[in-house]
Amino acid sequence: MIKICNLSKTSRHQPVLDNIQLEILNEKIIGLVGQNGVGKSTLLQAIAGRLTISTHVLYEGQPVRHNVHAAQHIFLLSQQPTFSDHFNLAQILQYGNDVFPHFNWVQANHLLQQVKLQPSYFYYELSKGQAAIFSFIYALCTRATYTLLDEPLDGVDEISRKQLYEILLKDYIQHPRTFVIASHHLQEIEHLLEELIILKQHTIYLHENIHILQQRFVKVSHHPPLQHQYPVIYMEEHPIQSFSIIDLQHKDWLETWAYETLDLHEIYYYISKGALQ
Amino acid sequence: MTVNHTPIYQQVADWLENEILTGHYQAHARVPSQYQLAELFTINPATAGKGLTLLLEQNILYKKRGLGMFVVEDAQQRLQYKRQHVTLTELAQALITEARRVELTDEALIQLIKTLQEEGARD
């Protein structure tokens with residue numbers, strides 16, 4: 001388990017992360033979403049032990065900062081991977097094999113073949129999309145207990161993205177471990193997820209099982225607008241038919257109402273937009 | 001692309017119900033595990049598991065420890081009953097509401113259904 005207590009960070013007197021409390025359990029695929037600049041990447045870097053504030057992040061009870069054991073079991077694929085330009089792909093994989101105890105060398109080579117990347121290529125020779133695909137494969141093959149993916153597959157075509165997420169899911173079924181996937185394209189990954197973390201105003205707005213989320217936030221069509229006592233998180237008024245998104249967390253009054261369930265990305269969209277209303 | 005707002009676990013349960021209704025999975029047949037379903041539909045195994053749990057709770061499936069989940073003896077009949085009395089009633093209700101909204105008379109609605117049924121019989 002990874003446990004984060006009172007994690008805060010400021011930059012130029014502005015908050016980047018504000019008092020984060022979070023527990024990440026083993027063997028789950030978790031989505032991490034939030035608008036630009038809300039702190040997603042910083043949070044992932046903190047979990048990976050790369051920041052001084054990483055002392056507030058515990059892996060198996062020990063701070064992840066300067067912790068070799070944690071470094072072998074937590075892998076972060078950052079947005080700008082730091083693979084050396086002087087190594088070819090085979091050498092980069094060899095390095096991964098040396099560092100990560102469960103690195104799957106066979107699968108790495110198999111996947112490279114599948115996406116038509118020669119092991120003799122140098123990293124700097126790859127196009128943006130190819131580099132993203134290679135990094136994704138590398139991350140998958142680390143088999144790290146906690147694999148953190150910061151906006152993976154950016155710049156990769158849609159068909160390849162779909163294929164690679166399918167590969168991730170199959171690999172997860174064979175070898176369960178935790179993935180945290182930060183993405184602006186929730187629609188693309190929501191079917192893979194078990195939990196969702198929403199960051200808002202530099203802190204955890206919500207961390208929940210997705211089935212509970214789908215039972216909790218629902219859409220009610222109505223006319224005229226709903227009265228105030230209902231826990232409305234977002235409302236859109238139109239001349240003929242208005243609708244509200246309602247949080248059922250503490251109430252079950254809606255049992256007699258007709259409502260629609262929502263996809264995860266819609267729930268996230270309305271929560272984000274609701275905050276601006 | 002069609003938008004389907006039904007939660008994925010419900011879609012899994014619906015799919016399995018349909019397979020049981022059509023007789024693809026008969027009484028005491030073993031249904032796919034949550035991991036097989038997850039691979040089949042490219043969804044999280046926990047989501048597939050929740051779909052199976054829904055049917056377990058409705059006594060459509062039963063569990064044999066270590067062996068998997070199986071179809072209950074009278075699952076097909078019970079699902080038929082449920083679909084006839086609950087699902088069809090809801091659909092008919094929606095149909096009546098829509099017909100009244102567009103001021104279609106009850107007689108015309110019934111005639112419409114009859115016509116469609118006759119066309120269906122010819123196919």
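**Entry 1: terms and ground rules**

Helices (H or I, at least four residues) and strands (E, at least two) are DSSP runs, numbered from the N terminus. I am working on a predicted model, where local features need pLDDT of at least 70 and side-chain atom pairs count only at pLDDT 80 or more, while totals for chains, interfaces and linings use all residues. Residues are numbered from 1 along each chain as its sequence is written, chains are lettered from A and ligands numbered from 1 in the order in which they are written, and side-chain values use heavy atoms, with hydrogens and water left out.

**Entry 2: a patch on chain B**

I looked up L112(B) and found it in helix α5 of chain B, residues 106-122. L112(B) counts as partly exposed because its relative accessibility is 44%. The cut-offs I use are under 20% relative accessible area for buried, over 50% for exposed, and partly exposed in between (1.4 Å probe, protein chains only).

L112(B) belongs to a nonpolar surface patch of about 350 Å², together with V102(B), L104(B) and L116(B). A patch is made of residues with over 30% relative accessible area and no salt bridge; like charges are joined within 9 Å, and nonpolar side chains (Val, Leu, Ile, Met, Phe, Trp, Tyr) within 5 Å. Accessible areas come from the Shrake-Rupley method with a 1.4 Å probe, and for residues only the protein chains shown count as cover.

**Entry 3: where the chains meet**

I noted that the size of an interface is often given as the accessible area lost when the parts come together. Here chain B and chain A bury about 1,600 Å² between them, and 55% of it is on carbon and sulfur atoms. Buried area is the accessible area (1.4 Å probe) that two parts lose on being put together, summed over both.

Which helices of chain B supply at least two residues each to the side that touches chain A? They are α1 (8-21), α2 (34-41) and α3 (45-57). I found that α3(B) gives the most to that side, with 4 residues.

In all, 16 residues from chain B and 20 residues from chain A take part in the contact (heavy atoms within 4.5 Å). I counted 0 salt bridges between chain B and chain A. For polar contacts across the interface, the rule finds 4 residue pairs, both residues at pLDDT 80 or more. A polar contact is a pair of N or O atoms within 3.5 Å; within protein, one must be able to donate a hydrogen and the other to accept it, and residues adjacent in sequence count only if both atoms are side-chain atoms.

**Entry 4: salt bridges**

A salt bridge is a side-chain nitrogen of Lys or Arg within 4 Å of a carboxyl oxygen of Asp or Glu. By this rule I get 12 salt bridges over all chains.

One of them joins K28(A) and E194(A), with the closest N and O atoms 3.0 Å apart. K28(A) is in the loop between β2 (14-24) and β3 (29-33) of chain A, and E194(A) is in the loop between α7 (186-189) and β9, so the pair links parts of the chain 166 residues apart. Is this pair buried or exposed? Both K28(A) and E194(A) are buried. K28(A), E194(A) and E195(A) are linked in a network of salt bridges.

In chain B, K82(B) and E17(B) meet in a salt bridge at 2.7 Å, N to O. K82(B) is in helix α4 (residues 75-101) and E17(B) in helix α1, 65 residues apart. E17(B) also forms a salt bridge with R83(B), at 2.9 Å between the closest N and O atoms. E17(B) is buried, at 3% relative accessible area, whereas K82(B) is partly exposed at 28% and R83(B) is partly exposed at 23%.

**Entry 5: two buried residues of chain A**

E195(A) is in strand β9 (residues 195-200) and counts as buried because its relative accessibility is 12%. Its side chain makes a polar contact with the side chain of H207(A) at 2.8 Å. Leaving out residues up to four places away in sequence, E195(A) touches several others, including K28(A) and I210(A).

S54(A) lies in the loop between α1 (40-47) and β4 (57-59) of chain A. S54(A) is buried, with a relative accessible area of 0%. The side chain of S54(A) reaches the backbone nitrogen of R50(A) at 3.5 Å.

**Entry 6: backbone angles**

Most residues other than glycine have a negative phi. I found a positive phi near 65° at H202(A), in the loop between β9 and β10 (203-209) of chain A. H28(B) also has a positive phi, near 70°, and is found in the loop between α1 and α2 of chain B.
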